[in-house]
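Please look over the sequence and the structure below before reading on.

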Amino acid sequence: MKRLFAMAAAAAFYAAPAGAVEIEVGYPYSHLFDVTYEKIMESFKKEHPEIEVKFRATYENYEDGTNIILREAVSGNLPDVTMQGLNRQAILVEKGIAKSLEPFIAKEADFAKDGYHQAMLSLSTFNGQVHGLPFSVSLPVGYYNMDLVRKSGSDKLPQTWDEVVTLCKDMRANGVKNPIFWGWNITGNWFMQALMWTQDEPIVKGNKVNFDGDAGLVAFETMKKIFRGCEMQNLSWKDALSAFSSGDVGMMFWSTSALGAVERSKGDFEMKTAEFPGIGGKPKGLPAGGNAALLVSQSEDPERLQAAWTFLKYITSGTGAAAVAETTGYMPPNKAANEIILKDFYKRNPNKETAVRQLPLLRDWLAYPGDKGLAVTQVIYDGIESIVTGEEDDMKALQSDLVAEVGDMLPK
């Protein structure tokens, strides 16, 4: 509700003229992106008063956003532009919901010079055609309350999960009741994929599970080691972010995306971010998080479609991408933003530079193939939660059960 009031106030300040073309937009994670869109809309409305943008109620997370778009496609009530997780684009392309952007790109002069270099466009390219423009890119990082870390007797930050567990025990021994939150419940089984990519292995290969071997068992055993060794509480991600921001959690492993929100809400303590720890050494890879802007309009009005394209292009331009970096912890996927607008930004904001240092590790955030992909995400989520709660203690048995259940859900 707060977001709707804020957007309404912005719209009133920059009132669209009579006859303006109206478009509708949906996006996820109001706690992360409300401030971003408010910042972007200030300049967008000045530059494009002929376009009126109406924002729909925000999606809870990426799975929620995809489910909503799938339902709206059936009911004929799609927005014009939707922001979707990088790992959720494929299903919307396969079902013909997300439109190819090639006809619009073809009409643009010097499109590549606007910062849309091929490495980032590839994140949203399917069958040789661009269907989305990446809006934000994130990687997992460690957040540390240095005041509580120093209670362990040292301010050295861990580089492996074994070192994390040791730090947890030292913090507990020195009066820190809740030393850690590890983001197992983040969208899309992202941290499970992080542990797989750390070993340079994807979670799926083609239509088959790929966590059935040694790498998968190591991933499950590593989670058990963290949850048990740190006596981690089973917090929702919202409660965890709140607990860390208030100074009750010593270290939090989460997406860099939340950095802006944490910085705005944190208590009076020193916070540092550091690279995501590895298994016995540095990670060999990490999954790219984030979202892309997709054109899903069901309108046949060329003016409305062009307006939607104008908005979509603007928010992913250097100006829009810079706003993403300045208000969140996401990295702009736009080259112009990184090299020109944000030239000195990361020097002034070292906590936001952590993820940038990890960019060489960037790997695909994989979607599970087939119509049951979202259901697979939930099955794996439930399996990991059984480790968190202590319901499941035999990791080899859990691995076997999940491999069988997920295998039956994937296309043959």
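Contact, as the word is used here, means heavy atoms within 4.5 Å. The model is a predicted one, in which local features need pLDDT of at least 70 and side-chain atom pairs count only at pLDDT 80 or more, while totals for chains, interfaces and linings use all residues. Residues are numbered from 1 along each chain as its sequence is written, and side-chain values use heavy atoms, with hydrogens and water left out.

Val209 belongs to strand β10, residues 208–209; helices (H or I, at least four residues) and strands (E, at least two) are DSSP runs, numbered from the N terminus. With a relative accessibility of 12%, Val209 counts as buried, a term that means under 20% relative accessible area, whereas exposed means over 50% and partly exposed lies in between, with a 1.4 Å probe and protein chains only. Between Val209 and Thr222 there are 19 Å from C-alpha to C-alpha, although the two are 13 residues apart in sequence.

Asn145 counts as buried, at 2% relative accessibility, and, leaving aside its neighbours within four places in sequence, it is in contact with Phe244, Gly247, Val249, Gly250, Phe269 and Glu270.

Residues up to four places away in sequence aside, Ala98 touches Leu92, Val93, His131, Leu294, Leu295 and Val296. Its C-alpha atom is separated by 33 Å from that of Val262, which is 164 residues apart from Ala98 along the chain.

Two further loop residues deserve a look for their backbone angles. Most residues other than glycine have a negative phi. Asn127, which is not a glycine, has a positive phi of about 55°; this residue is in the loop between β4 (125–126) and β5 (129–130), and at 78% relative accessibility it counts as exposed. Asp200, also not a glycine, has a positive phi of about 65°, lies in the loop between α9 (190–198) and β9 (204–205), and counts as partly exposed at 40% relative accessibility.

In soluble globular proteins, nonpolar side chains tend to be buried together. A nonpolar core is a set of buried Ala, Val, Leu, Ile, Met, Phe, Trp, Tyr and Cys residues joined through side-chain atoms within 4.5 Å. The largest such core in this model has 127 residues, and those with the most contacts inside it are Tyr143, Trp182, Phe211, Phe227, Phe253 and Phe311. Helix α13, residues 302–315, gives the most to this core, with eight residues. Apart from it lies another core, of 14 residues, among them Leu70, Leu78, Val93 and Val296. As for Phe311, its contacts beyond four places in sequence are Ile23, Val25, Met41, Phe44, Val53, Phe55 and Val81.

Aromatic rings give a further view. Rings of Phe, Tyr and Trp (its six-membered ring) pair if their centres lie within 6.5 Å, and planes under 30 degrees apart count as stacked, over 60 as edge-to-face and the rest as tilted. The whole structure contains 31 aromatic pairs. One of them is the stacked pair of Phe104 and Trp309, with 5.4 Å from centre to centre and 20° between the planes. This pair links distant parts of the chain, with Phe104 in helix α5 and Trp309 in helix α13, 205 residues apart. Phe104 counts as buried at 15% relative accessibility, and Trp309 is buried with a relative accessible area of 1%.

The last stop is helix α14, which is mostly covered, since eight of its 10 residues are buried. Among these buried residues are Gly318, Ala321, Ala322 and Ala325. Helix α14 (residues 318–327) packs against helix α2 (residues 30–47) at an angle of about 145°, with the axes 9 Å apart; axes are lines fitted to C-alpha atoms, for helices over the stretch in contact, and angles run from 0 to 180 degrees between N-to-C directions. Where the two helices meet, α2 brings Val35, Thr36, Lys39, Ile40 and Ser43, and α14 brings Thr319, Gly320, Ala323, Val324, Glu326 and Thr327.
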